[in-house]
Amino acid sequence: MPNPSTTTVKLWLFVAIGLVCLTPLISSPVALLMGFTLASIGLVPESIDLSKWTKKLLAYSIVGLGFGINLPEAIAASSHNLGLIIGSIFFTLTLGFVLTRLVGLEIKTGHLISCGTAICGGSAIAAVAPAINARNDQIAVSLACVFILNSIALFVFPTIGHALQLSQYDFGVWSAIAIHDTSSVVGAAASYGDEALKTATTIKLARALWIVPVALISAIAFGGDKRKITIPLFIVFYCIAILIAYFVPQGQPIYSLLFTVSKQMLVLCLFLIGAAITVKKIRANGPKPLLLGVLLWLAIGGASLTYIVNFS
C-alpha cells in the first residue's frame with residue numbers, strides 16, 4: 001500500500017510542474033520530456049486520470065485557437081490543400097492495408113494505426129475502434145504507437161523545417177498532413193511561428209472531419225456497428241469560434257487573449273501526454289505495431305514534404 005505522505009508529495013509535485021507548463025517558460029517539447037521523465041521514475045500520481053484530462057484540455061484548447069483564425073484565410077488554406085488532404089488520407093490507408101499484411105500484424109490493430117496516421121491520431125483511433133469492435137489491447141497498442149511517434153515529431157519536424165528553410169505556411173501544411181495527433185501538430189507548428197500554427201490548425205481540423213466517413217467505411221468493412229460512430233464536438237465548436245471572431249470583430253482583444261491562453265494550455269496537454277508514456281509500455285507492445293507506424297509515418301511525411309516543396 002502506498003504511503004499517504006508519498007502520494008500527497010507526488011500529487012503536489014505533479015500539479016506544480018503542470019502549472020509551470022502554463023507559463024511561457026516551458027515549450028511543447030520540454031513539457032513532453034518533463035511528463036515522460038516523471039512517468040519513467042514513477043512520480044505520476046495514480047489518482048489522476050491522464051486520458052480524461054488530456055482529452056478535455058485539448059478540446060478546450062482547440063476551440064480557443066479558433067478565435068485566432070481568420071475565416072477567409074482558413075477557407076483559402078483548406079480549399080487550396082483539399083487535394084493533398086484527401087490524397088494523403090487514401091494513400092495512407094491503402095499503404096497501411098498492404099503493410100499490415102507484410103509485417104504480419106493483426107488486421108484491426110493495423111487498421112487503427114493506419115487511421116491514426118491518416119487522419120488525427122488518438123481521436124481517429126477512438127472514433128474508429130468501437131465501429132470495428134476492436135479489443136482494448138488493440139486500442140492500447142495503437143494509441144501507444146501513435147503517441148510515441150507524436151513525441152518524436154515535436155522535435156524532428158521543426159528541425160527539418162528550419163534546415164530546409166520552409167516558409168511558415170509550408171511548414172504549417174506539412175505538419176498538419178504528416179503529424180498524427182492535433183496536440184503534436186499544434187505543438188510543432190507553435191514552435192515554428194504563429195502563421196504556421198494557424199495554417200496547421202486549420203488544415204489539421206479539415207483533415208479531422210474525415211473521421212466520420214472513414215469510421216463509416218470501417219464499420220461496413222469489418223462488420224461493426226455504425227451506430228457507435230461519434231463526431232468530435234470540439235471540431236464543431238472550433239468552427240463556431242472562427243465564425244464568432246469573424247462576424248463579431250469588436251471582441252478582438254478578448255479573442256487574442258483566448259488564443260494566447262489556448263496555445264499555452266496545449267503545452268500542458270503535451271505534459272500530460274508525456275506522463276502517460278513509459279519505457280515499459282513501449283517495450284510491452286513489441287516491434288510490429290511500431291514498425292508499421294514508422295513505415296507509414298516515413299511514407300506520408302516524405303511524400304507530403306516532396307509535394308509541398310515541389311508543387312505547392
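Tutor: Helices (H or I, at least four residues) and strands (E, at least two) are DSSP runs, numbered from the N terminus. The model is predicted: local features need pLDDT of at least 70, side-chain atom pairs count only at pLDDT 80 or more, and totals for chains, interfaces and linings use all residues. Residues are numbered from 1 along each chain as its sequence is written, and side-chain values use heavy atoms, without hydrogens or water.

Ser151 counts as buried because its relative accessible area is 12% (buried means under 20%, exposed over 50%, partly exposed in between, with a 1.4 Å probe and protein chains only). Setting aside residues up to four places away in sequence, Ser151 touches Leu32 and Ile277, where contact means heavy atoms within 4.5 Å. Ile148 also lies in helix H8, and its relative accessibility of 15% places Ile148 in the buried class as well.

Asn133 sits in the loop between helix H7 (121-131) and H8. The phi of Asn133 is near 55°, a positive value in a residue other than glycine. With a relative accessible area of 41%, Asn133 is partly exposed. Gln165 occupies the loop between H8 and H9, and this residue, also not a glycine, has a positive phi of about 55°. Gln165 is exposed, at a relative accessible area of 72%.

Helix H9 (168-178) is mostly covered, since 9 of its 11 residues are buried. Among these buried residues of H9 are Asp170, Phe171, Trp174 and Ile177. Gly172, Val173, Ser175, Ala176 and Ala178 belong to the buried set of H9 too.

H9 is also one of the packing partners of helix H4. In H4 (residues 71-80), the buried residues are Leu71, Ala74, Ala77 and Ser78. These residues lie on the same side of H4 because they cover an arc of only 130° around the axis, the arc being that of the directions from the helix axis to the C-beta atoms. Glu73 and His80 are exposed on the other side of H4. Besides H9, the buried residues of H4 pack against helix H5 (82-103), helix H11 (194-208) and helix H13 (233-247).

The cysteines complete the account. A disulfide is a pair of cysteine sulfur atoms within 2.5 Å, and a search of the whole structure finds 0 of them. For Cys120, the closest cysteine sulfur is that of Cys115, at 9.9 Å, which is too far for a bond. Cys120 is buried, with a relative accessible area of 1%. For Cys239, the closest cysteine sulfur belongs to Cys120 and is 13 Å away, again too far for a bond. Cys239 is partly exposed, at 36% relative accessibility.
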